[in-house]
Amino acid sequence: MQKRELARAYIPRQPYVRLFPLREALMRGTIFPNLYMPYREKDR
Amino acid sequence: MWIYEKKLQYPVKIKNKDVRMAKWIIEQYGGADGELAAALRYLTQRYTMPTGKSKALLTDIGTEELAHLEIIAAMVYQLMKDATIEEIKEAGLAEYYADHDKALFYVNAAGNPFTVTYIQAKGDPITDLYEDMAAEQKARSTYEWLINLTDDPCVKDPLRFLREREVVHFQRFGEALMDVYEYQNSKKFY
Amino acid sequence: MDRQRCELMRELQEVSFALVELNLFLDNNPTNQQALADYNMFARKYEELKKMYESLYGPLTNFGYAPSKYPWQWVNEPWPWE
């Protein structure tokens with residue numbers, strides 16, 4: 001792994017692993033399970 | 001060049017009017033962290049992005065934000081449809097009505113008009129991409145507050161959709177940032 | 001809007017959304033072959049669905065991107081926010 005520098009951000013690259021079925025993807029707002037991060041209202 | 005498709009990106013089928021909610025949701029129409037701000041920001045920053053990939057991404061996300069603006073407009077339109085003057089007064093929207101009737105206008109929930117001071121295009125692509133990442137987080141938070149303000153699933157569903165889009169956009173801008181850093185570093189060696 | 005129209009529209013929105021997602025992914029990952037194959041597959045499916053919808057309910061795009069029957073159908077209602 002490359003050395004991390006100071007004074008900048010790093011964002012990991014998203015791997016293309018699998019897709020939600022189309023119906024679910026639209027409902028959830030993403031086709032990528034690894035990007036699905038729903039809002040849990042009780043967290044506030 | 002822009003082409004318009006006569007369909008919403010996500011369906012909006014609101015059954016019950018709610019003028020107060022319309023007043024709050026308009027925050028994402030003309031507000032600082034709303035969809036108009038996002039669209040204008042990305043669509044103007046794209047001209048000075050350094051790579052084909054970043055120009056494409058800013059163009060495409062900017063275009064998607066216009067589609068989101070349309071969803072917000074549809075929500076406000078349907079929430080206000082058939083609202084009576086009494087309901088409008090009670091919801092605290094009389095000042096807006098006095099100016100606009102039920103027209104959609106670019107203001108935030110407090111009634112402040114939209115201003116381009118909400119956005120920036122610094123010209124340095126690294127700077128611009130950090131601004132874009134921050135913008136997506138601010139929009140995500142705003143959607144969470146809006147989700148908290150309603151119990152109606154017909155309203156919550158599109159808001160959840162729009163919120164998740166911000167999460168995805170953040171990842172995309174982050175990846176573009178990594179790419180632009182690498183691109184700039186690769187140009188330092190000769 | 002009748003049930004068949006709603007369901008066709010829903011399918012269009014689903015495939016269209018997949019295409020937007022894959023498009024954004026490909027903008028950052030142009031060499032991902034799987035993503036590109038999926039994009040092209042969905043794009044073909046979208047073309048078919050669009051033509052089917054338009055033959056029944058009129059054009060979804062204008063400025064030459066879809067044909068129109070007589071009289072000019074682009075002006076038909078409802079519009080997406082209604």
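What follows is a chat about the chains, their contacts and the core.

Colleague: Before we start, what kind of model is this?

Modeller: It is a predicted model.

Colleague: Okay, chain A. How many helices and strands does it have?

Modeller: Chain A has one helix and zero strands. Its C-alpha atoms fill a box of roughly 40 × 30 × 10 Å along the principal axes.

Colleague: And what share of chain A counts as buried?

Modeller: 14% of its 44 residues.

Colleague: How many residues of chain C are in contact with chain A?

Modeller: Ten residues of chain C, against eight residues of chain A. On the chain C side, helix 1 and helix 2 are the elements that give two or more residues. Helix 1 of chain C gives the most, with seven residues.

Colleague: What classes of residue are on that side of chain C?

Modeller: Five nonpolar, three polar and two charged.

Colleague: Now chain B. How many residues does chain C put in contact with it?

Modeller: 18 residues of chain C are in contact with 22 residues of chain B. The chain C side there consists of twelve nonpolar, four polar and two charged residues.

Colleague: Staying with chain C, at what angle do the axes of helix 1 and helix 2 cross?

Modeller: Roughly 150°, and the axes come within 9 Å. An angle over 145 degrees counts as roughly antiparallel, so helix 1 of chain C is roughly antiparallel to helix 2 of chain C.

Colleague: Left-handed or right-handed crossing?

Modeller: Helix 1 of chain C passes helix 2 of chain C in a left-handed crossing. The residues of this contact divide into 18 nonpolar, two polar and five charged.

Colleague: Different topic. How many residues are in the largest nonpolar core?

Modeller: The largest nonpolar core has 63 residues. Ala22(B), Ile25(B) and Val76(B) are among those with the most contacts inside it.

Colleague: Which helices supply at least two residues of this core?

Modeller: In chain B, helix 1 (19-25), helix 3 (35-45), helix 4 (52-80), helix 7 (125-148) and helix 8 (153-186) each do. So do helix 1 (22-28) of chain A and helix 1 (3-28) of chain C.

Colleague: Which helix gives the most to this core?

Modeller: Helix 4 of chain B, with 13 residues.

Colleague: Back to Val76(B). What is it in contact with, leaving aside neighbours within four places in sequence?

Modeller: With those neighbours left aside, Val76(B) is in contact with Ala22(B), Ile25(B), Ile26(B), Tyr29(B) and Leu104(B).

Conventions:
Residues numbered from 1 in each chain as written. Chains lettered and ligands numbered in written order. Predicted model: local features only at pLDDT ≥ 70, side-chain atom pairs only at ≥ 80, totals over all residues. Contact = placed C-beta atoms within 7 Å. Nonpolar A, V, L, I, M, F, W, Y, C, P; charged D, E, K, R; others polar. Core = buried A, V, L, I, M, F, W, Y, C linked by C-beta atoms within 7 Å. Buried ≥ 20, exposed ≤ 12 C-beta atoms within 10 Å, placed from the backbone. Helix = DSSP H or I, 4+ residues; strand = E, 2+ residues; numbered from the N terminus. Axes fitted to C-alpha atoms, helices over the stretch in contact; angles between N-to-C directions. Parallel < 35°, antiparallel > 145°, perpendicular 65-115°, else oblique. Left-handed = near helix turned anticlockwise from the far one by under 90°.
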